Amino acid sequence: ERVVGAINGKRLPDLAIVLPEALAGDLGRRERFVKLVKDFAPRATLGPLDGVTLDDDRGEARFTVNFVWRGDFGVERRKAAKFLGFARRQANGWHFEGARLLDPLP
């Protein structure tokens with residue numbers, strides 16, 4: 001929900017927090033995605049969870065986000081992208097660390 005909220009609000013500082021460079025894997029993919037959000041303000045909806053893995057103090061979850069935006073010349077574009085979210089158990093419960101974009105966008 002934090003990822004989708006940052007995208008829909010076009011809150012680039014929040015997007016940098018939920019998609020940190022340290023977890024990005026492919027920095028070029030992350031930068032192209034941030035540029036898409038900045039330039040085209042896509043609308044995002046949260047799709048299904050594809051899988052959750054929990055260890056003693058670490059968790060991962062694959063999830064899908066569906067996007068709709070107006071591309072060049074006003075053409076509507078749609079795409080679904082998979083993300084991998086990371087969480088750590090702390091004294092007061094699970095804490096979301098951030099997510100990694102797995103699919104290239106656009």
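**Exercise 1: The largest pocket**

Nineteen residues, stated as 19 residues, line the largest pocket, and Glu1, Leu49, Ala61, Phe63 and Phe96 lie nearest its centre. The model is predicted: local features need pLDDT of at least 70 and side-chain atom pairs count only at pLDDT 80 or more, while totals for chains, interfaces and linings use all residues. Residues are numbered from 1 along each chain as its sequence is written, and side-chain values use heavy atoms, with hydrogens and water left out.

Task: state which element gives the largest share of the lining of the largest pocket.

Step 1. On a 1 Å grid over the protein atoms alone, a pocket is an open set of points with protein on both sides within 12 Å along at least five of seven lines; a cavity is a set where a 1.4 Å probe fits but cannot get out; lining residues have an atom within 4 Å of a point.

Step 2. The largest pocket holds about 340 Å³ of space, a volume being the space filled by probe spheres set on grid points, which are joined across faces, edges and corners.

Step 3. The largest share of the lining, six residues, comes from β1. Strands (E, at least two residues) and helices (H or I, at least four) are DSSP runs, numbered from the N terminus.

**Exercise 2: The cavity and Arg30**

Task: determine which residues line the largest cavity, and whether Arg30 is buried or exposed.

Step 1. The structure holds one cavity of 30 Å³ or more; the largest cavity has a volume of about 60 Å³.

Step 2. Its lining consists of Leu19, Pro20, Ala24, Asp26, Arg29, Arg30, Phe33, Ala99, Arg100 and Leu101. Elements giving two or more residues to this lining are α4 and β4.

Step 3. Arg30 lies in helix α4 (residues 27-40). With a relative accessible area of 10%, Arg30 is buried (buried means under 20%, exposed over 50%, partly exposed in between; 1.4 Å probe, protein chains only).

Step 4. The side chain of Arg30 reaches the backbone oxygen of Leu19 at 2.5 Å.

**Exercise 3: Aromatic pairs**

Task: classify the pair formed by Phe33 and Phe67.

Step 1. Rings of Phe, Tyr and Trp (its six-membered ring) pair if their centres lie within 6.5 Å; planes under 30 degrees apart count as stacked, over 60 as edge-to-face and the rest as tilted.

Step 2. The whole structure contains three aromatic pairs. For Phe33 and Phe67, the centres are 5.7 Å apart and the planes at 70 degrees, an edge-to-face pair. This pair joins helix α4 to strand β2, 34 residues apart.

Conventions: Polar contact = N/O pair within 3.5 Å; in protein donor to acceptor, adjacent residues only side chain to side chain.
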